[in-house]
Amino acid sequence: MDLNLLVALDALLAEQSVTRAAERIGVSQPAMSQSLARLRTAFDDPLLVRAGRGMAPTTLAQSLATPLHSLLSQLDNLVRERGDFTPSSSTRSFYIACLDHFSVLQLPGLVSAVREEAPSVDIVATQLSYDSLSSELERRVVDLGIGVFRDAPADQMQQRLYDERFVCVLRRDHPALDSWDLERFVSAPHGLVSTTGRGSGVIDHFLAQRDRVRRVAVRVPHFLAAGALAASSDLIFTLAGRLAAFFAERHDVVVVEPPISMPAFPVFMRWHRLMHEDPMHRWFRKRVVKSAR
């Protein structure tokens, strides 16, 4: 589709008038009418229909209005900032796909750093989905993904932010602490954070190597629920060390080493190769690295 048609559609949806939309983008009324006709053919929908003295958007047109305007605004920012980009005057929005504990642990520092240099830049944190991240990066739905990744696909790049390790979080007077060993560990009820509500944890793989199985009594979709649950029950959560330290400061829990050896793991930031040389994107990535470390 001709990109100019999308610009015309954005104006038509905003003005809901062929005449005003034509004036908005500086074309003649016949040219705008022709664009509307082409758009109706392309979308197989009338898009705008007569309503009294004006025009009203169809259901499809209403669903297109907000995402279309957002995408065109991002494209406009991208084009204007390809040259000597100045953070202090940028109005760009950045979308980060991450898990909720990154939002709590890392976003405060990132937001502070960004607002100090670029007060009009917006940051939007969205829920990370490992299954759809590649597609979201390719379609520019998100600018960055932050999580525990394997090797990046050929069309994507990634940078190591920091290394993490697993620890266990449990209430201060948990009975398993009287004799903290592997047998007490596997016999206790466990909590597991699973965004899908399915699957097993990393520690289950290492337990299986020793012919041990734990019972996962509670599954929750958000990491931030783990601290309160550990403090108020006999559940044991095996979590990343930084998050565990965060809980230890706010809940009546203790942090102990797992009774089984597990290696540290890296946390990465991932982006699409097409954005690698974008000056604003590069500037933002540097701020993410700084805040994470």
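A residue is called buried when its relative accessible area is under 20%, exposed when it is over 50%, and partly exposed in between, using a 1.4 Å probe on protein chains only. By that rule Asp 211 is exposed, with a relative accessible area of 71%. The model is predicted: local features need pLDDT of at least 70, side-chain atom pairs count only at pLDDT 80 or more, and totals for chains, interfaces and linings use all residues. Residues are numbered from 1 along each chain as its sequence is written, and side-chain values use heavy atoms, with hydrogens and water left out.

**Loops with positive phi**

- Asp 211 lies in the loop between α9 and β9. Helices (H or I, at least four residues) and strands (E, at least two) are DSSP runs, numbered from the N terminus.
- The phi angle of Asp 211 is near 60 degrees, a positive value in a residue other than glycine.
- Asp 44 also has a positive phi, near 50 degrees, and is not a glycine.
- The loop that holds Asp 44 runs between α3 (29–43) and β1 (48–51).
- Asp 44 counts as exposed, at 71% relative accessibility.

**Aromatic pairs**

- There are five aromatic pairs in the structure. Rings of Phe, Tyr and Trp (its six-membered ring) pair if their centres lie within 6.5 Å; planes under 30 degrees apart are stacked, over 60 edge-to-face, and the rest tilted.
- One of the pairs joins Tyr 130 and Phe 149 edge-to-face, at 5.7 Å centre to centre with 70 degrees between the planes.
- Tyr 130 lies in the loop between β4 (122–127) and α7 (133–138), and Phe 149 in the loop between β5 (144–147) and β6 (156–164), so this pair ties together parts 19 residues apart in sequence.
- Tyr 130 is partly exposed at 43% relative accessibility, whereas Phe 149 is buried at 10%.
- Phe 166 and Phe 265 form a tilted pair, because their ring centres are 4.6 Å apart and their planes at 35 degrees.
- Phe 166 belongs to strand β7 (residues 166–171) and Phe 265 to strand β12 (residues 265–272), so the pair ties together parts 99 residues apart in sequence.
- Phe 166 and Phe 265 are both buried.

**Charges over rings**

- Arg 270 lies over the face of Phe 149, 4.4 Å from the ring centre. The rule asks for NZ of Lys or CZ of Arg within 6 Å of the ring centre and within 35 degrees of the ring normal.
- Arg 285 places its charged end over the ring of Trp 271, 4.4 Å from the centre.

**The largest pocket**

- The largest pocket holds about 1,200 Å³ of space. Its volume is the space filled by probe spheres set on grid points, which are joined across faces, edges and corners.
- On a 1 Å grid over the protein atoms alone, a pocket is an open set of points where a 1.4 Å probe fits, with protein on both sides within 12 Å along at least five of seven lines; lining residues have an atom within 4 Å of a point.
- The lining of the largest pocket has 38 residues, and Tyr 130, Val 148, Phe 166, Val 202 and Phe 223 lie nearest the centre.
- Elements that each supply at least two lining residues are α5 (100–105), β5, β8 (189–193), α9 (202–209), β10 (236–240) and β12.
- β10 gives the most, with four residues.
- By class, the lining has 23 nonpolar, eleven polar and four charged residues. Ala, Val, Leu, Ile, Met, Phe, Trp, Tyr, Cys and Pro count as nonpolar, Asp, Glu, Lys and Arg as charged, and the others, Gly among them, as polar.

**Salt bridges**

- The count comes to 13 salt bridges, each a side-chain nitrogen of Lys or Arg within 4 Å of a carboxyl oxygen of Asp or Glu.
- Asp 173 and Arg 171 meet in one of them, at 2.4 Å from N to O.
- Asp 173 is exposed at 56%, while Arg 171 is buried at 16%.
- Arg 172 pairs with Asp 252, the closest N and O atoms being 2.8 Å apart.
- Arg 172 lies in the loop between β7 and α8 (182–187) and Asp 252 in the loop between α11 (241–250) and β11 (253–256), so the pair ties together parts 80 residues apart in sequence.
- Arg 212 and Glu 183 form a salt bridge of 2.6 Å, N to O.
- That pair links distant parts of the chain, with Arg 212 in the loop between α9 and β9 and Glu 183 in helix α8, 29 residues apart.
- Glu 15, Arg 20 and Arg 24 are linked in a network of salt bridges.
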